[in-house]
Amino acid sequence: MDAQSFKGSSKATAIQQVWASPLYRGATLALFLSGLGTSASLPQIVVFLVKELGTSMPVAGLYYLTGLTAPVAGYLVGRYSDRTGKRLSLFRLCAMAGFLGWVGFALSSAPWMPFVIGAVVLAFSGSATSQLFTAIHDDLKRNPAGANESVVALIRMALTAGWIVGPFIGAWLAAETGLRTMFWTTAICFVAQIVPLGTLSVSPSPKKKATQAAAAAGSPTWSDMAPLLLFTGLYVLVYAGEPIKYGFLLLYMEENLGIDPGVRGAVIGTQPLIELILMPFSVMLARQIGTLWLMCIAAACGVVANLCFAAWPTAVGMFAGQTLMGGVWGLYMVLGLIVAQRLLPNAVATASAIFMSSSALAMALGGGVGGIGVAYLGLPNVFYLPAIFSLVAMIGLALMARRGVIE
């Protein structure tokens, strides 16, 4: 049996399908590089603005508001992709935008430069990931097999693995070689994404070609997009808790609880460990429980997790909260994209781009709310805010599940 036939075989496991496909293998490596490069640099941006460019702390904190342009850029890229079907060509262009953007960071000499680069150039670089997942979706639709959704989960794990490793590498590079060198490394990661996929292209299935013809005649209507936008908004509410947590949880454990550094590191490392353990089983659980119902349960875990941070002031409480948050993202990181694509099946690239770029919007929301919240509520009461966000998301997801918006 040749690789193409084996890849589409109903008996092939997800690992076998990924191994048999140059597209899936290449996407796995590319997404790892994307996660590694991005997560290495993001925590260092405020430090760079303050130490290298002389920006005040409050102004530097406003950088994350540049993420508000990412959904707009994602929509534009997604709509063009749906009209033309040029998934991997757009992926390469967006990866190059990331390369140029991070080079611009490394060469910045004035405080305004990173803000413009983040709002304009890097806004488009995030669409590289959504175009890869759209190309994978097209290929899986053309070669259906029983493990298709598990293939998406497996490839998605590579992106998460990059986000786990990246912050440690970024911190080490910044300390040993300087912040500008670290940004150069991120730029190299972005351009290196192109290499594993070489000159591959993905041809849309016959059904997808008909969809492109329809897309060329006009954009999806607001009524078509309403379920996707609602779901993405609920996802943003859950995700907004992450910048609040990473902005203040370490500080709270150190200054308020007096937890040892080694224990603090173990607490932070608990979430990604649980994520990676759970991600391979997320699709199987969704088939048993229902995808939206499972995401509703995950949002409930987010509520309890943030209550642990706010109301259980011990190391055990911090571990419990991080364990629950690992459960949240072990499910959301895989199922979120699958749901988004199902909610707008005739414009999958648009759906993918809007959903994937929403994380930047969540970072902006969480950063702004967290900064104001900690000023008025203090620690640990600020963690009640993401608990409320997750509660609203849980209710919204339950209503969507009851209405049966997806199968």
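**Entry 1. Ground rules.** I worked from a predicted model, in which local features need pLDDT of at least 70, side-chain atom pairs count only at pLDDT 80 or more, and totals for chains, interfaces and linings use all residues. I number residues from 1 along each chain as its sequence is written, and side-chain values use heavy atoms, with hydrogens and water left out. I take helices as DSSP runs (H or I, at least four residues), numbered from the N terminus.

**Entry 2. Helix 3 against helix 10.** I looked up the packing of helix 3 and helix 10 and found an angle of about 30°, with the axes 6 Å apart. Axes here are lines fitted to C-alpha atoms, for helices over the stretch in contact, and angles run from 0 to 180 degrees between N-to-C directions. The angle therefore makes helix 3 roughly parallel to helix 10. For these words I use the following cut-offs: under 35 degrees is roughly parallel, over 145 roughly antiparallel, 65 to 115 roughly perpendicular, and the rest oblique. The crossing of the pair is right-handed; that word applies if the near helix is turned clockwise from the far one by less than a right angle, and left-handed if anticlockwise. I then listed the contact (heavy atoms within 4.5 Å). The contact residues divide into 15 nonpolar, eight polar and no charged. I count Ala, Val, Leu, Ile, Met, Phe, Trp, Tyr, Cys and Pro as nonpolar, Asp, Glu, Lys and Arg as charged, and the others, Gly among them, as polar.

**Entry 3. Helix 10 against helix 11.** I found that the axes of helix 10 and helix 11 come within 7 Å and cross at roughly 135°. Helix 10 is therefore oblique to helix 11. The crossing is right-handed. Gly-170, Leu-173, Ala-174 and Thr-177 of helix 10 meet Leu-179, Thr-181, Met-182 and Thr-185 of helix 11.

**Entry 4. Helix 10 against helix 16.** The axes of helix 10 (residues 148–177) and helix 16 (residues 261–278) come within 11 Å and cross at roughly 165°. The two helices are therefore roughly antiparallel to each other. I recorded this crossing as left-handed. Met-157, Thr-160 and Ile-164 of helix 10 touch Pro-272, Glu-275 and Leu-276 of helix 16. The contact has four nonpolar, one polar and one charged residues.

**Entry 5. Cavity.** I found one cavity of 30 Å³ or more in the structure. Its lining consists of Leu-36, Gly-37, Ala-40, Ile-169, Leu-173, Met-182, Thr-185, Thr-186 and Cys-189. A cavity is a set of points on a 1 Å grid over the protein atoms alone where a 1.4 Å probe fits but cannot get out, and lining residues have an atom within 4 Å of a point. Helix 11 gives the largest share of the lining, four residues. By class, the lining has six nonpolar, three polar and no charged residues.

**Entry 6. Cis peptide.** I located a cis peptide bond between Leu-379 and Pro-380, with omega about 5°. Pro-380 lies in the loop between helix 20 (348–377) and helix 21 (384–403).

How values were computed:
On a 1 Å grid over the protein atoms alone, a cavity is a set of points where a 1.4 Å probe fits but cannot get out, and a pocket is an open set with protein on both sides within 12 Å along at least five of seven lines; lining residues have an atom within 4 Å of a point. Grid points are joined across faces, edges and corners, and a volume is the space filled by probe spheres set on the points.
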